[in-house]
Amino acid sequence: MNGLRSWLARRLLLGAGQTVAVVLLVFALTEALPGDAAVALAGDQPDPARIAAIRETMHLDRPAHERLASWTAGLLHGDLGTSLTSGRPVSSYLADGFGPTLLLAALTLLLLVPLAGGLGVLAARHEGRLVDRLISSVTLGVYAVPEFAFGVLLVTVFALRLDWLPPTAVGYGDDLLAHPAALVLPVLVLLSRPVCSLARLVRAGMIDALASPYVAQARRYGIPGARIRYTHALPNALAPAAQQLARTVDWLLCGVIVVEALFVIPGLGTVLINAVAERDVPVIQGLAVVFGCTAVVLNLGADLATYRLVPRTGVAA
Amino acid sequence: MYEGPVNDPRFPGLRRRGFLAAAGGAAGLGALALAGCTSPSGGAADGGGKPRRGGKLRAAFAGGGASETLDPHLANLFADAARAKALFDKLADFGADLAAEPRLAASWEPNSTLDRWTVKLRKASFHNGKPVTARDVLYSFRRIADPKKAFRAKASLEPLDLKASRAVDERTVEFALKRPTAEFPNLLAAFGAYIVPDGATDFDTKPVGSGPFRFVSFTPGRSAVFRRNDDYWDGAPYLEQLEFLVANEESARVNSLLGGQVEYAHELSPTTARAHEGKGQIEIVRLRNSAMQAFAMKTDRAPFDDKRVREAFFLLADRKELVDGALSGAGEIGNDLFGKGYEYYADGLPQREQDLDRARHLLKKAGADGLRVTLDTSAVAAGFTEAAAIFRDQAAKAGVRVKVAMGSKDSYWQDTLESGTLCCYRSGAMPIESHFSQRLLSDSTTNATKWHHKDFDALYQQAQSTKDKKDRAAVYARMQRRLYAEGGFLVWGFADWILGTARTVRGVAHKAPANTLDWARFDKVWLA
């Protein structure tokens, strides 16, 4: 257990370093983009005097390192800074966008795990037969469809043609839960690709595990098939899937930009797009911190889960 | 106004909002020097029977996300302008022909030298019951002109000498101007020149205006809910409630309209319009002449410092093909002048046609045969990249090699203002006089064609000191003939602005270019 604790400490330290690196990189990249918030705000009225005035009111006339330094100083006090364009605190942007994104991510995850696991196990059990071939080709096919196209297709069929579900979540704002019908299509689009990749991973892992010597040994002991499948083989099959799951959750949380835009769900992805277009550096930086931390924590969690599922494999730092 | 990247081919998923090109810009402006001249505002829509009271209208706009604000002086986007128009009033606003119409101002009267104007306010009150007074007007204008701030209308109000302006009584303001300004009413109608109560600074928690709707709630980037102001001076709106919703994706706006989630969708693409026009499911409204589409030639540098080359370029363009290809047919052809259909437009000039032989001849005379030029473009507005490719092919027929260079979307306007020689250009509706003052005077801040001519500046000043409207129109006509012959704007078309409404929506103006009084005006709209 001591080993695990020092491993955890090392991983957390490494994660903090990675987050700092991400934030620095994002700042550098944003600075490297053509134009700044003043230019973006001036739009098609690029009156030089106005741009200069906007720059001054936004303090963009200060050198980049000074702006980064004052932002970092604020961060150390837990202050994420204020938006350049609206002057509202960045934390309120994050708080507003977090709810919808979290809701979508949670719902997707809730359905994703049993669905992908079930499909994977089913395919593995019927390896090479019709069911397996059907699941494999459908998952491969759906995985190849871009979210945007898939979303448009679903909206056209289920919302506009059949009139079963609302086409967007426009006007529902924060109260998405009160309009569950509006969540069906977005969640379906979000599910479409992770289900495919996860199911395929579970299937592959399951087939390997079922062919392994310890399963053969368990069979020789006369342990029932179902028990072998679910308590002996499945945990081994899930280990690679857990890593993939962490990446999926990360992707879900970091705002699924396309889905949010298509269905008008005001989550973190929307906040990010607007902030980038407006060169609203403090907001972009705030999001980078959140996304960085989320990625680190989730991957750490996945490694821990792998460790729990398959202790023999050990955990690499 | 700017058509956001409606058809952005590179990021089909990421279309975004448009900034508005200011209507009414720098240095002074337009129209009727006479007092109290109300022209009927542009064609409120069709029949649909007697207006009915009540109901809630939900309108979807492309917005600015979480940084949106209800401060009317900060309005920058169409969504901002539409919300500001519902809550606040200006002293004047633009009619369908871009002539200023009185709003909160009941009348305006100049002195004999046109540098002092007396504005009488109509009897109107703010939502808190207090009357709109001369003090509120002066406070609002002084706030906009604050040198420490960068409000959009600041440049438009530049001709005002606010220190010397004063409140004569409760409802009379005397404006002092730095120079004669015959088109002073245009300045009152300038984009963003809204009247707020004296001392108001906070607009996001409970904005108080004098507009047709009162504030109920606001969540930046999501929704703004307003309700009817029964005491509105121009008559209470028919709608009980009005909700602005933000949907940046064009397909989301159309889908929510088709699905009955909203009753009004702003800024639709020509493709959408064609797919649904006349099908009976939704109504498509085309606002003509909303956006000038042009190529801007920098007249101060080779090869366009030779007016024969500029004329040759005018003759290279097949305008019909550009409108059909770049605007999907949703527009009409241009004649190298801004403001087709607006007041003072020189419509007597012959329509320019493609004439490759004459273009070749002119280029040869200018010693520019085998010319190569770079055309800057970007996915910043609908049709820009398409127009560039079409023009490249048209020019090639006369032996001119055009290289199309793609620029960044977010800094395009600033990038092309000073650098390059030829670029795609677009401008929203504003009075022709504002177009001159903002884009074509030696000291204009956004002079994209680098048109610097002392005699042209002098003509502008002459127009501004001419009290008689007919005489002034003659001067404007002279200026336009000059631009038609040798200007830097190859104006090839005017794009429609496209809206969609549910079939129950009545009273939406069909003739108001985007940015004018009747555009996005909801106090005259009702639900059948």
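In the predicted model described here, four strands of chain B form an open sheet in the order β5-β6-β8-β7, with antiparallel pairing; helices (H or I, at least four residues) and strands (E, at least two) are DSSP runs, numbered from the N terminus, and two strands are taken to pair if DSSP finds at least two bridges between them. Strands of a sheet pair through backbone hydrogen bonds, either parallel or antiparallel. The edges of this sheet are β5 (105–110) and β7 (160–169) of chain B, each of which pairs on one side only. On average, neighbouring strands of the sheet are turned by 20 degrees against each other, direction ignored. Axes are lines fitted to C-alpha atoms, for helices over the stretch in contact, and angles run from 0 to 180 degrees between N-to-C directions.

Residues are numbered from 1 along each chain as its sequence is written, while chains are lettered from A and ligands numbered from 1 in the order in which they are written. Because the model is predicted, local features need pLDDT of at least 70 and side-chain atom pairs count only at pLDDT 80 or more, whereas totals for chains, interfaces and linings use all residues, and side-chain values use heavy atoms, with hydrogens and water left out.

Within the sheet, β7(B) and strand β8 (residues 172–177) of chain B run antiparallel and are joined by five bridges. A hairpin leads from β7(B) to β8(B) through two residues. Along this pairing, B:Asp161 stands opposite B:Ala176 in β8(B), and B:Ala167 has B:Val173 of β8(B) as its bridge partner. Helix α2 (residues 134–145) of chain B packs on the sheet, where it touches β6 (116–121), β7 and β8 of chain B, and its direction makes about 170 degrees with that of β7(B); contact here means heavy atoms within 4.5 Å.

Parallel pairing is found for strand β1 (residues 56–61) of chain B, which is joined to β12(B) by six bridges, with B:Phe61 opposite B:Val246. The strand β1(B) also pairs in the parallel sense with strand β13 (residues 264–265) of chain B, over two bridges, and here B:Ala60 stands opposite B:Ala265. Elsewhere in chain B, a cis peptide bond with omega of about -5 degrees joins B:Ala302 and B:Pro303, and B:Pro303 is found in the loop between β14 (282–297) and α6 (307–316) of chain B.

Chain A, by comparison, has 13 helices and zero strands. Its C-alpha atoms fill a box of roughly 85 × 60 × 35 Å, taken along the principal axes. In the loop between α3 (48–57) and α4 (64–76) of chain A lies A:His59, whose phi is near 60 degrees, a positive value in a residue other than glycine.

The two chains meet through 50 residues from chain B and 45 residues from chain A. The size of an interface is often given as the accessible area lost when the parts come together. Between chain B and chain A the buried area is about 3700 Å², of which carbon and sulfur atoms give 57%; buried area is the accessible area (1.4 Å probe) that two parts lose on being put together, summed over both. In chain B, the residues that lose the most area to chain A are B:Arg222, B:Gln261 and B:Asp410, together 18% of what that side buries.

Across this interface the rule finds two salt bridges, a salt bridge being a side-chain nitrogen of Lys or Arg within 4 Å of a carboxyl oxygen of Asp or Glu. Side chains of opposite charge can pair when their charged atoms come close. A salt bridge links the side chains of B:Asp204 and A:Arg88 (3.2 Å, N to O), and another is formed by B:Asp410 and A:Arg279 (3.1 Å, N to O). B:Asp410 lies in the loop between β17 (401–406) and α10 of chain B, and A:Arg279 in the loop between α12 (268–277) and α13 (281–309) of chain A, so the pair joins two chains. Over all chains, the count by this rule comes to 45 salt bridges.
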